[in-house]
Amino acid sequence: MACRIADPSVFLFTGPHQRTRSQKIATHSAPCMTGNWHLTWDRLLVKGENHKKWLIPMRRTRTVQAVAAPVAPSSADSAEYRKQLAESYGFRKIGEPLPDNITLKDVMDTLPKKVFEIDDMKAWKSVLVSVTSYAFGLFMISKAPWYLLPFAWAWTGTAVTGFFVIGHDCAHKSFSRNKLVEDIVGTLAFLPLIYPYEPWRFKHDRHHAKTNMLEEDTAWHPVWKAEFDSSPILRKAIIFGYGPFRPWMSIGHWLIWHFDLKKFRSNETQRVKISLACVFGFMAVGWPLIIYKAGIMGWIKFWLMPWLGYHFWMSTFTMVHHTAPHIPFKSSDEWNAAQAQLNGTVHCDYPSWIEILCHDINVHIPHHVSSRIPHYNLRMAHKSLQENWGKYLNEAKWNWRLMKTIMTLCHVYDKEENYVAFDQLAPEESQPVAFLKRVMPDYA
């Protein structure tokens, strides 16, 4: 993607695919890997130099080359580089790398104790908000003329995403002090989404324990190069899936991860079976009832379209939370919990109505510092993190450039660059990515 820098009259972003072999000398001479944000300050600056070699001053005839030995610019220069990078990626701010000696407990200990307190009144108020907004959405669908249905579906899909967030809190034991209540509410909240609660909970717990760990994270990973090269048919499917269909790719994740008993430990399977029975029971009763009352078109209008709306948000939220060209996935021997949770998670602001209906799920950094923080305390916790660790935080406001960056750049895993785009590896097969580059807006 031709990302724009803060001042397009001064810089032109040419992208990693236009480097020459001679420009890679820094990676042979300096002990750094571009893309690793767990590095020390000096090594970060080397990473900055490696990225700056893609910025070609248009007022000069000489291309900036990578140097063999790191030359540390002033901290102001580094701040300016991060500012330019943020602008080109669609971020409000890209944080400094967290030092290696900071632990997740160090970060957690700075949070006020009250952010961990469960308030039953606030929890059940959130349930009321989700139930009433979802019911209102169904009412709108029933009354809206055909040309207003997309707006009704958008509202209802966003409202039912709030059900997911309530079940999400239940899974993290941050909804109620009564764990039986949490299991019941979580299971019921997930039923309209056809999501089995216990399988999702087990997999999601591993995502938190192994966030952005290359093989172990059970959310999303970059594409493996070997997988990308394995067959032409799979390569085309991957390009479409991680390209134009990426805002609905959580549907594939839902199917692959949650219904296969072989993916779970023996001590988990009994609870998994109960959840699956609840989901299949809901489908066996609910779907025929909808079809009986409203026909197949009614099933599409009242269930399928809001469900697709939910998956749009599920996919979008998940990829924005942990995907950016500068945020690495690391192998287990290089992984650092504090860096992954504080430095490798993105706070993103959405329009207020989305934040309300989705119960602040996108105030996501404190949730990864401690998943025991209830959703209604996330803003208080984020404010504390800004006060104590603000210079390390990655923050954005949802915008088209941010989405375009993720969907056209963040594809195949590369240890040095974090990601290599599909059109660098297989340009002749990457028409879907080229299409996105043409049609997606590039403004932040």
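Predicted model: local features only at pLDDT ≥ 70, side-chain atom pairs only at ≥ 80, totals over all residues.
Let me start at strand β4, which covers residues 418-420 and holds Asn418, where helices (H or I, at least four residues) and strands (E, at least two) are DSSP runs numbered from the N terminus. Asn418 has a phi near 75°, a positive value in a residue other than glycine, and Asn418 is buried, with a relative accessible area of 4%. By buried I mean under 20% relative accessible area, with exposed over 50% and partly exposed in between, using a 1.4 Å probe and protein chains only.

Residues are numbered from 1 along each chain as its sequence is written, and side-chain values use heavy atoms, with hydrogens and water left out.

A second case of positive phi is His359, at about 55° although His359 is not a glycine. His359 sits in the loop between α14 (352-357) and α15 (365-369), and His359 is buried, with a relative accessible area of 6%.

Now to helix α10. Which of its residues are buried? They are Arg235, Ile238, Ile239, Gly241 and Tyr242. Seen down the axis of α10, these buried residues fall within an arc of 165°, so they line one face of the helix; the arc is that of the directions from the helix axis to the C-beta atoms. On the other side of α10, Pro232 and Ile233 are exposed. The buried residues of α10 pack against α9 (225-229), α17 (400-409), α18 (422-425) and α19 (431-439).

A pocket, on a 1 Å grid over the protein atoms alone, is an open set of points with protein on both sides within 12 Å along at least five of seven lines, whereas a cavity is a set where a 1.4 Å probe fits but cannot get out, and lining residues have an atom within 4 Å of a point. Grid points are joined across faces, edges and corners, and a volume is the space filled by probe spheres set on the points. The largest pocket has a volume of about 470 Å³, and of the 17 residues that line it, Glu227, Tyr242, Met249, Ile256 and Trp257 lie nearest its centre.

Finally, the nonpolar cores, each a set of buried Ala, Val, Leu, Ile, Met, Phe, Trp, Tyr and Cys residues joined through side-chain atoms within 4.5 Å. The largest has 68 residues, and those with the most contacts inside it are Phe91, Phe164, Tyr195, Phe228, Val320 and Phe422. Helix α12 gives the most to this core, with 11 residues. If we leave aside neighbours within four places in sequence, Val320 is in contact (heavy atoms within 4.5 Å) with Val346, Cys348, Tyr350, Leu402, Met403 and Ile406. A second, separate core of 18 residues includes Leu111, Leu342, Val363 and Tyr392.
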